[in-house]
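Q: I would like to learn how to read a model of this kind, one feature at a time. Can we start with the layout of one chain and then go on to the contact between chains?

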Protein chains: 2
Amino acid sequence: MLQEAIIKKSVSPLTGKEYLIPESPQDKDGIDRFVAAHPGKKVVVVQGLGFVGSVMSLVVANALTEEYAVIGIDLPVPASWWKIQSINEGLFPVVADDPKIGQFYKQAREKGNLYATFDSYAYSKANVVVVDINLDVKKLTNGNGQLEEYSVDLTPFRKAIESIGAHCKPDVLVLVETTVPPGTSGKIVKPLLEESLQKRGLPIDQLKVGHSYERVMPGPKYVDSIQNFYRVFSGVDEKSAAAAEAFLRTVIRTDEYPLTRLGNTHATEMAKVLENSYRAMNIAFMVEWSRFAEEAGVDIYEVVNAIRMRPTHKNIMLPGLGVGGYCLTKDPLLASWAKMNLFGSEDKLGQSEKGVHINDQMPYFAFQHLDSQYDGSLKGKKVLLLGVSYLNDVGDTRYTPVQGFYEQLEAAGCIITLHDPHVPYWEEKDLRVNADLKDLLKNNYDLVVITTGHRDYRNNPDLIKTLLSHKPGFIYDTIGVLSNDEIKQLATVHTVKVIGRGDL
Amino acid sequence: MLQEAIIKKSVSPLTGKEYLIPESPQDKDGIDRFVAAHPGKKVVVVQGLGFVGSVMSLVVANALTEEYAVIGIDLPVPASWWKIQSINEGLFPVVADDPKIGQFYKQAREKGNLYATFDSYAYSKANVVVVDINLDVKKLTNGNGQLEEYSVDLTPFRKAIESIGAHCKPDVLVLVETTVPPGTSGKIVKPLLEESLQKRGLPIDQLKVGHSYERVMPGPKYVDSIQNFYRVFSGVDEKSAAAAEAFLRTVIRTDEYPLTRLGNTHATEMAKVLENSYRAMNIAFMVEWSRFAEEAGVDIYEVVNAIRMRPTHKNIMLPGLGVGGYCLTKDPLLASWAKMNLFGSEDKLGQSEKGVHINDQMPYFAFQHLDSQYDGSLKGKKVLLLGVSYLNDVGDTRYTPVQGFYEQLEAAGCIITLHDPHVPYWEEKDLRVNADLKDLLKNNYDLVVITTGHRDYRNNPDLIKTLLSHKPGFIYDTIGVLSNDEIKQLATVHTVKVIGRGDL
């Protein structure tokens, strides 16, 4: 009984406020009241209030050429209950460097056209449902970060679609934005919704299913990455594509960022995972060249920058600690899974899977490199990690490669101090992270490791000055943020190693 | 005796003219006369009169800020003897769509500052030697185009460097432009030249060795790809780098295309092979996605074009028949070889080698796809191949992927007709190639295969019209040059297949 009560609590990490989740939550009255307050407006329900859905709901509530009544919906579970309450209470649950988030939320509050709920009854009011829930890949890795097996479980995704089908109008547009295995909208979403409508004795010929993937980037351009960016879309049939296009035109600045329509939903779904696989593979490609550069005493950063002078080679990547985030770490696997499981192919996408394997191991390679270069044992050594987020100048720790690196240091018996100006709390590890670099640097460390390319660590004379006043130690730059001059200075006192560079 | 006489003949493929190669050729008088005619001018010897060296000699003879006396040198062997004679007789041995070739040659003839020879005595006059010889990888493949083994034999390259060392001044600048295994300039060229100088009792401290790779593209911008393009350079020491820079500034338009200097010759050598490996790997990456698109009924071309809207994804490649040319087919292997053999690494560049493997097999995949889609046996079928060159709108057959595809068709018993507007003669296969498409299309073919993306095959209503008037057949577009409209039209009469597209 006690345990159940604990589970039914949802705590806001922003305010610490606790919200109790009632036994059988329902919100029919709230939804009815909200919709009644917006007569004549089309209702858009955004399913999922995560990194994409929450901000998408803001963008739709501030649509460019139409005024929508927007309902954000998520599950009545501890991870999202506080978000729902928070949105309705006046505090947006996503913290980001983008001032547009606050501005868009304020405007929506003033217009009163944004509401959050957990009750599937909301779908019954929707003209458009935008699907922004997660679809995860489960990875089974060994101790070296090596991927041994992975699985795609569509059950939660199917349930979410079924909850729409159980309530939706027969002429609803369901626009899938989730990154899905290619084939999902046509082979899973459409049949599930049709089945639900038929069970409810409703016609299926007016149903519209579209797919359009977002290219959201958390950070200072969070809102723009939805509203002011190129969009690719499609529909399972002509009327679906037309409806998807009409909707997207009202929320995205399509005059500057023209829409691209593809032939079918398989194509747009494939485009998204191909896009991310391309990037993941290009990162993986640099791994072995970084090793080669280390062996040959070459600075791979100057080599890559020289190559980037060619317009045809602008996208060549720099080496680093590894790959993080929600997309690049799994999308090649989603694609490979779909190839075999939704299209009956006998062959996986071998190279693309291999890219994920290599990227997953990068933090372990980086640790091994450190271990091999460090004179003596790492046990008991005081280590300062600079950066926890996987992304420069952004606080996003989802699948951050710093985690694998951190865990290796921990296993080696290091005493680790964390710094990140953008991550006060590292959710996945349940750890507090320090923000005051000056204060931290009052201590001496045996090792300082730069693990994220935040602006605070680049061209920071204070950081270099303070490190120079420390007792001799070991500085490991896994991102290549230190300049040649800085390396030369630091090398007068410390051992300095940079990934992808020979001895300097 | 008779056989020897035959070997000692060199025939110009341009004019058919035969040139006899004398028993012990020497050209001291010719070289002395040429140099004496240009008092006060610095002498630049360009070693190798192939695709790069011949045009490089033109660019140096038309240098921007200095007037050089330029000597092109190649071996007195059948493959190059006619080139040497031809340059001195008034006919430039390289035919290309670039009008600048003719113009630059005419200017050099008028100034009289370009001479060609075979006699190593030329090196004794050189202030600068530019090394533009080939350095090949030998591939051993099985019947399916699968690479089983490869080897790098540096013997011919070492001999060429030794021939410089046997004659050069002690303060010469030797600028290597050949794509070499990383490490070659510093670990092979420099020691070989020093050894030669020491043997000759000369000092070694004034010797300068630089490396700067060209990015030559045969075709309509042939000269510009040398003179008006970004250059990366380095030297084995400070004075070498300075000398290389001073020379490059006189021949390349560095105001518009600034030079990039890297830290050492290993770095520039690595940059070149990394650049090409990046491209080769990105082509290989698309192979399995093309298969996936075929299985899923997706048009990979529209998918890729949608992805290219993103600036970060502009370099994603389109699928095709395979990879050709002198660079992408071997450079990843040169790099991998160097990693193990010049830097003692235990690991090869596995992914980059894999890219070459996949690309080598592409024409075989394409043939298998054709064979599986073609109704009935290919034996005795009349096939028209559109395109022999590996490059659009250019006549370059070096390592063209059309060769593997052609050989498969031949092995299957097809009767093959070749068309290419840019390749009158397919040297590697010793075959005449037809240039008149209209005339060819008077015949009926069982199969028409588009194997190069020449302009003549794109948006060509005549081609479509003529094909429509043919009896039903099979059209296979391995490059994706046919538009959706063209495919729809052709499909009324023929079976149409396009690589990387599902059934249309």
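Q: Into which domains is chain A divided?
A: Domain bounds come from an automatic or database domain assignment. Here chain A is divided into domain 1 (14-122) and domain 2 (374-498). The centres of domain 1 of chain A and domain 2 of chain A, taken over C-alpha atoms, are separated by 38 Å. This is a predicted model, in which local features need pLDDT of at least 70 and side-chain atom pairs count only at pLDDT 80 or more, while totals for chains, interfaces and linings use all residues. Residues are numbered from 1 along each chain as its sequence is written, and chains are lettered from A and ligands numbered from 1 in the order in which they are written.

Q: In which sense do strand 18 and strand 19 of chain A pair?
A: Helices (H or I, at least four residues) and strands (E, at least two) are DSSP runs, numbered from the N terminus. Two strands pair if DSSP finds at least two bridges between them. Strand 18 (residues 474-477) of chain A and strand 19 (residues 495-498) of chain A have four bridges and pair in the parallel sense. From strand 18 of chain A, the chain passes through helix 17 (residues 484-490) of chain A to strand 19 of chain A, a right-handed β-α-β crossover. Right-handed means that, with the strands pointing away from the viewer, the path from the first strand over the helix to the second runs clockwise. Within the pair, Asp477(A) is opposite Val498(A) of strand 19 of chain A.

Q: By what turn and shift can chain A be laid on chain B?
A: Two copies of a chain are related by a rotation about an axis and a shift along it. Copies are superposed by least squares on the C-alpha atoms of residues with pLDDT of at least 70 in both. For chain A on chain B, a turn of 180° and a shift of 0.0 Å along the axis give an RMSD of 0.0 Å. The two copies are therefore related as by a two-fold rotation axis. Asn315(A) is the residue of chain A that comes closest to the rotation axis, at 3.2 Å (C-alpha).
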